[in-house]
Amino acid sequence: ISYLNYDDRYILPESKKNSRSLTVLAGVKKNFKLGRDMHRRLLAAVSGGFRNGMSGSYKYGGANAGYPPAAVMEPQDEAFLVSDSWNAGASLTYSQLVKPDAKMNVYARMSLNYTKPSHDSFDKRQALSLILGCNF
């Protein structure tokens, strides 16, 4: 469970942007052993959640109110921050030792996330990522 309360105030030009949201997330992970040698593992994870965009506002106080960042981009960002949404995700992480006698581990993770806002102005968001790394 996460509560976010953004209260941004800008001096030049004088502007205000705030939003409040409550997010509930849940997930399950399972680690599978793929063999004793090299400590090979596969970590499978699934998650899901809901965001309740409680309130928010944006007020631009500058001289260039018609410019796209102030007139289009910031109001759209604010609308997304206060919209309700649900999301689901899954990931697989493969890991193993570099050498049998070393304590260095390499891994590869692939994850897919899907977010669906309830606001009519927004479409779904899908993200696919691939991460390669090393722990030592």
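The charged end of K30 sits over the ring of F32, at 5.7 Å from the ring centre; a charge is taken to sit over a ring if NZ of Lys or CZ of Arg is within 6 Å of the ring centre and within 35 degrees of the ring normal. The model is a predicted one, in which local features need pLDDT of at least 70 and side-chain atom pairs count only at pLDDT 80 or more, while totals for chains, interfaces and linings use all residues. Residues are numbered from 1 along each chain as its sequence is written, and side-chain values use heavy atoms, with hydrogens and water left out.

Rings of Phe, Tyr and Trp (its six-membered ring) are paired if their centres lie within 6.5 Å, with planes under 30 degrees apart called stacked, over 60 edge-to-face and the rest tilted. By this rule there are 2 aromatic pairs. F80 and F122 make an edge-to-face pair, with 5.4 Å from centre to centre and 85° between the planes. This pair links distant parts of the chain, since F80 belongs to helix 1 (residues 68–81) and F122 to the loop between strand 5 and strand 6, 42 residues apart. Helices (H or I, at least four residues) and strands (E, at least two) are DSSP runs, numbered from the N terminus. F80 is buried because its relative accessible area is 12%, and F122 is buried because its value is 13%.

W86 and Y114 form a tilted pair, because their ring centres are 5.4 Å apart and their planes stand at 45°. Here too distant parts of the chain are linked, with W86 in strand 4 and Y114 in strand 5, 28 residues apart. W86 has a relative accessible area of 42% and is therefore partly exposed; Y114, at 25%, also counts as partly exposed.

Turning to charged pairs, side chains of opposite charge can pair when their charged atoms come close. With a salt bridge taken as a side-chain nitrogen of Lys or Arg within 4 Å of a carboxyl oxygen of Asp or Glu, the structure holds 4 salt bridges. One of them joins K17 and D77, at 2.4 Å from N to O. K17 lies in strand 2 (residues 15–33) and D77 in helix 1, so this bridge ties together parts that are 60 residues apart in sequence.

D7 is partly exposed at 45% relative accessibility, while R9 is exposed at 55%. R40 and D37 are likewise bridged, with 3.3 Å from N to O. R40 counts as partly exposed because its relative accessible area is 26%, and D37 does so at 48%.

On the surface, L92, M110, L112, L128, L130 and L132 form a nonpolar patch with about 670 Å² of accessible area together. Patches are made of residues with over 30% relative accessible area and no salt bridge; like charges are joined within 9 Å, and nonpolar side chains (Val, Leu, Ile, Met, Phe, Trp, Tyr) within 5 Å. Accessible areas come from the Shrake-Rupley method with a 1.4 Å probe, and for residues only the protein chains shown count as cover. Strand 5 (105–117) and strand 6 (125–135) each supply at least two residues of the patch. Which strand gives the most? Strand 6 does, with 3 residues. L92 comes from strand 4 (residues 85–97) and is partly exposed because its relative accessible area is 40%.

Strand 6 also holds G133, which is buried because its relative accessibility is 19%. G133 and A108 are 25 residues apart in sequence and 6.5 Å apart in space, C-alpha to C-alpha. Leaving aside neighbours within four places in sequence, G133 is in contact with N105, V106 and Y107, where contact means heavy atoms within 4.5 Å.

Conventions:
Buried < 20%, exposed > 50% of the residue type's maximum accessible area, 1.4 Å probe, protein only.
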